[in-house]
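User: I have a new structure open and have not looked at it before. Can you walk me through it?

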Amino acid sequence: MVLFNIYFSSCVLLLLTLNTHTATGHPLPELSKERCSDCSVLFKNLLLNITQLLNSDALCFGIPSNEIVVRSITDTLLACTPNLIQNPHCMMQRNATFNETECLSNIMKDLAHYAAVIQSYLSSSLRSPEEEVPLLSPTLGIIQSLRKSCSLMPDEEKDSSEEEVAQLWGDDSYRNRQEMCKMMRGFYVRTITINRAVGYIASGEHRK
């Protein structure tokens with residue numbers, strides 16, 4: 001039920017954004033159709049992985065709150081919006097053509113941030129290392145594969161603020177796990193956004 005509510009909230013934000021295919025953009029020879037298709041599969045695997053992670057008791061067990069936290073400071077939702085959202089009541093409106101480079105750059109920044117979050121968390125005080133490490137390590141592996149295979153530039157945002165995310169964790173394993181659970185829920189929502197954006201890019205509609 002929690003994941004359904006998260007998914008529904010995200011879809012409401014993205015419905016008008018990604019069902020409109022009238023935007024124009026600049027083709028990027030660095031990201032071929034085949035490569036974009038491969039990346040699309042990896043991003044779908046990431047979403048499935050995070051879904052399974054949140055359904056596991058190892059991370060969110062005993063945490064009553066359904067709070068979602070998105071700490072990444074990127075503009076992914078706005079950057080990956082194809083064109084102006086025609087809604088006077090919506091606070092997020094973007095009057096610009098779709099820019100593939102900007103969108104993918106923000107996605108890579110997101111991945112760098114969450115990779116640093118997971119790596120630092122695994123080095124913190126854990127309630128159950130034998131459960132949490134095998135649970136989060138595959139997620140980190142998928143993120144690393146995406147950063148290696150789907151970045152536009154080899155050195156694009158490879159290093160996140162590791163010192164800053166390390167300060168999130170203290171000696172209380174419950175508080176650490178509580179914060180991590182909320183952040184993974186936020187990452188789940190962000191990954192839905194990313195999957196829709198990558199699907200839009202892979203369709204090639206923005207280049208027409």
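User: What percentage of the 208 residues in the chain is buried?

Analyst: Buried residues make up 48% of the 208 residues. Buried means under 20% relative accessible area, exposed over 50% and partly exposed in between, with a 1.4 Å probe and protein chains only. This is a predicted model, where local features need pLDDT of at least 70 and side-chain atom pairs count only at pLDDT 80 or more, while totals for chains, interfaces and linings use all residues. Residues are numbered from 1 along each chain as its sequence is written, and side-chain values use heavy atoms, leaving out hydrogens and water.

User: OK. How many helices and strands does the chain have?

Analyst: Eight helices and zero strands. Both are DSSP runs numbered from the N terminus: helices are H or I with at least four residues, strands are E with at least two.

User: And for contacts between residues at least 6 apart in sequence, what share joins residues at least 24 apart?

Analyst: That share is 84%. Contact means heavy atoms within 4.5 Å.

User: Let's take helix pairs. At what angle do H5 and H6 pack?

Analyst: H5 (residues 100–122) and H6 (residues 129–149) pack at about 150 degrees, and their axes are 10 Å apart. Axes are lines fitted to C-alpha atoms, for helices over the stretch in contact, and angles run from 0 to 180 degrees between N-to-C directions. H5 and H6 are therefore roughly antiparallel. The cut-offs are under 35 degrees for roughly parallel, over 145 for roughly antiparallel and 65 to 115 for roughly perpendicular, with the rest oblique.

User: Which residues make that contact?

Analyst: On H5 they include Met 108, Leu 111 and Ala 115, and on H6 they include Val 133, Leu 136 and Ile 143. By class, the contact of H5 with H6 has 13 nonpolar, four polar and two charged residues. Ala, Val, Leu, Ile, Met, Phe, Trp, Tyr, Cys and Pro count as nonpolar, Asp, Glu, Lys and Arg as charged, and the others, Gly among them, as polar.

User: What about H5 and H8, how do their axes cross?

Analyst: The axes of H5 and H8 cross at roughly 155 degrees and come within 11 Å. H5 and H8 are therefore roughly antiparallel to each other. Among the residues in contact are Leu 104, Tyr 114 and Tyr 121 of H5 and Met 180, Phe 187 and Ile 194 of H8. The contact of H5 with H8 divides into 16 nonpolar, three polar and four charged residues.

User: Switching to rings. How many aromatic pairs are there?

Analyst: Two. Rings of Phe, Tyr and Trp (its six-membered ring) pair if their centres lie within 6.5 Å, and planes under 30 degrees apart count as stacked, over 60 as edge-to-face and the rest as tilted. Tyr 114 and Phe 187 have ring centres 4.0 Å apart and planes at 15 degrees, so this pair is stacked. Tyr 114 lies in H5 and Phe 187 in H8 (residues 173–203), so the pair ties together parts 73 residues apart in sequence. Tyr 114 and Phe 187 are buried.

The pair of Tyr 121 and Trp 169 has ring centres 5.0 Å apart and planes at 70 degrees, so it is edge-to-face. Tyr 121 lies in H5 and Trp 169 in the loop between H7 (162–166) and H8, so the pair ties together parts 48 residues apart in sequence.

User: Are Tyr 121 and Trp 169 buried or exposed?

Analyst: Both Tyr 121 and Trp 169 are buried.

User: Last one: where is Ser 124?

Analyst: Ser 124 is in the loop between H5 and H6. Ser 124 is buried, with a relative accessible area of 16%. Leaving aside neighbours within four places in sequence, Ser 124 is in contact with Trp 169 and Asn 176.
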